[in-house]
Amino acid sequence: MRRFLMLVALAVLAALPGVGIRLTGLQVGPIGEMVAFGAAILSAGFLLSWGAEAAERHVSLGLIVAVVALVTVLPEYAVDLYYAYQAGKAGPDSQYVHYAAANMTGANRLLVGLAWPLLVALHWLKGGGRAIALTRSNAVEIVVLLVASLYAFLIVLKDTITLLDFAVLVAIFAAYVWRVRGGSEAEEDEGEEPGPAAALNALTPAAQWASMAALTVVACGIILVSAEPFAEAMVGSGRLLGLNEFLLIQWLAPLASEAPAVTVAILFVVAGRAASGLAALVSDKINQWTLLVGMLPLAMSVGAGSLTALPLDARQAEEFFLTAAQSLFALALLLRLRLGLWSALALAGLFGIQVGLAFWYREDEARTVATLTALAWVYLGLAAVLFVLNGRRLLEVVRVAVSVAPSVGPRAPGAAEATEGRR
């Protein structure tokens, strides 16, 4: 408990400079603000992740994976929805439209191209084997993500994200939550919880819920105070340093906002629960590819004061196309309900190529669009080969996802790994 309280205190202290700057109006320049508010958002993300982690013993395993995934990426939602809101206020031709799309696509591709392979590498280095094996129940996540990814190609064809898309994507996420719901309380596990919040298990249930609520309220307050100035500081820092602000927002901002979610998944791997860690990141991808994408036109409509849609120009359409293609390829790799070392290397290698080429051609818009299109077709070609080779596995995954009863009851936190070991 002492260690946990020290970590909470450090997180709050790390957030204080940003909160103080916002409340006092102190001017420290774009770079100083980017660092201060970025640290605040990062700290808030960890507070949220600890609160969600502590809830794991009170909620069914499938549902808590979905909830943890949603809670730990709230910082990403705050930043991206701010850009969309400002796009509504400034108009569809403003740079904020580009920023909203850039932040969303960057966060999604970073999660799949860097975070997923990172878990496999850590699992391998830890001596857990060359692959992380999921369970049959994770077929639900794979099928839901497949549906969302296929729907994303319809958005590419329309070159716009509308409120109708919001309704469809929210419905997909709601169906996912309904499928993974279970009992009200998880079974006890003799092993330790994967992260710092394990200390809360020694408290009474009432004290645990009070602690979780306090962590959530404090973290949400920090995010509300820091999201807007952090988003603006990213733009100002790019201009001040002469960097491409689009790429800064696409890649640097998600590193801060996604760090807590990735850290929670890493803690699962370190605790010998690699399957739970990978499942959490797959769920992260689901909620960002459904809720986050769908809420962009809603935030833009609020900013505009009327119903509107988020337009995608040639560059943004190709960014979205590439993100959808990467998602389809990643899903094709998961059809065997495992993510191996070679699959992880393929994801990381292709991700490294796309980031490198994006910076190399950062001043050439036409070349950038052409490169994005070519990479997207590479992803789709590889995905098509894998889907053909694993056609029976795809049908089996769909069958399992449809047939698995949603109210299967709670499972112990280590149940997934126990199943993995028997396999």
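Modeller: Start with burial. A residue counts as buried when its relative accessible area is under 20%. This is a predicted model. Arginine 109 has 2% relative accessibility, so arginine 109 counts as buried.

Colleague: Which side chain meets arginine 109 in a salt bridge?

Modeller: The general idea comes first. Side chains of opposite charge can pair when their charged atoms come close. Here arginine 109 pairs with glutamate 319, at 2.9 Å from N to O. Shared partners join Arg109, Arg315, Glu319 and Glu365 into one network of salt bridges.

Colleague: Is glutamate 396 buried or partly exposed?

Modeller: Partly exposed, at 32% relative accessibility. Glutamate 396 forms a salt bridge with arginine 136, at 3.5 Å from N to O. That pair links helix α14 to the loop between β1 and α6, 260 residues apart. Arginine 136 is partly exposed, at 45%.

Colleague: Now helix packing. At what angle do α10 and α11 pack?

Modeller: Two packed helices are described by the angle between their axes and the distance between the axes. For α10 and α11 the angle is about 150°, with the axes 12 Å apart. Angles over 145 degrees count as roughly antiparallel, so α10 is roughly antiparallel to α11. The crossing is left-handed.

Colleague: Which residues make the contact?

Modeller: Lys285, Trp289 and Val293 come from α10; Phe320, Thr323, Ala324 and Ser327 come from α11. By class, four are nonpolar, two polar and one charged.

Key: Residues numbered from 1 in each chain as written. Predicted model: local features only at pLDDT ≥ 70, side-chain atom pairs only at ≥ 80, totals over all residues. Heavy atoms only, no water. Axes fitted to C-alpha atoms, helices over the stretch in contact; angles between N-to-C directions. Helix = DSSP H or I, 4+ residues; strand = E, 2+ residues; numbered from the N terminus. Parallel < 35°, antiparallel > 145°, perpendicular 65-115°, else oblique. Left-handed = near helix turned anticlockwise from the far one by under 90°. Contact = heavy atoms within 4.5 Å. Nonpolar A, V, L, I, M, F, W, Y, C, P; charged D, E, K, R; others polar. Salt bridge = Lys/Arg side-chain N within 4 Å of Asp/Glu carboxyl O. Buried < 20%, exposed > 50% of the residue type's maximum accessible area, 1.4 Å probe, protein only.
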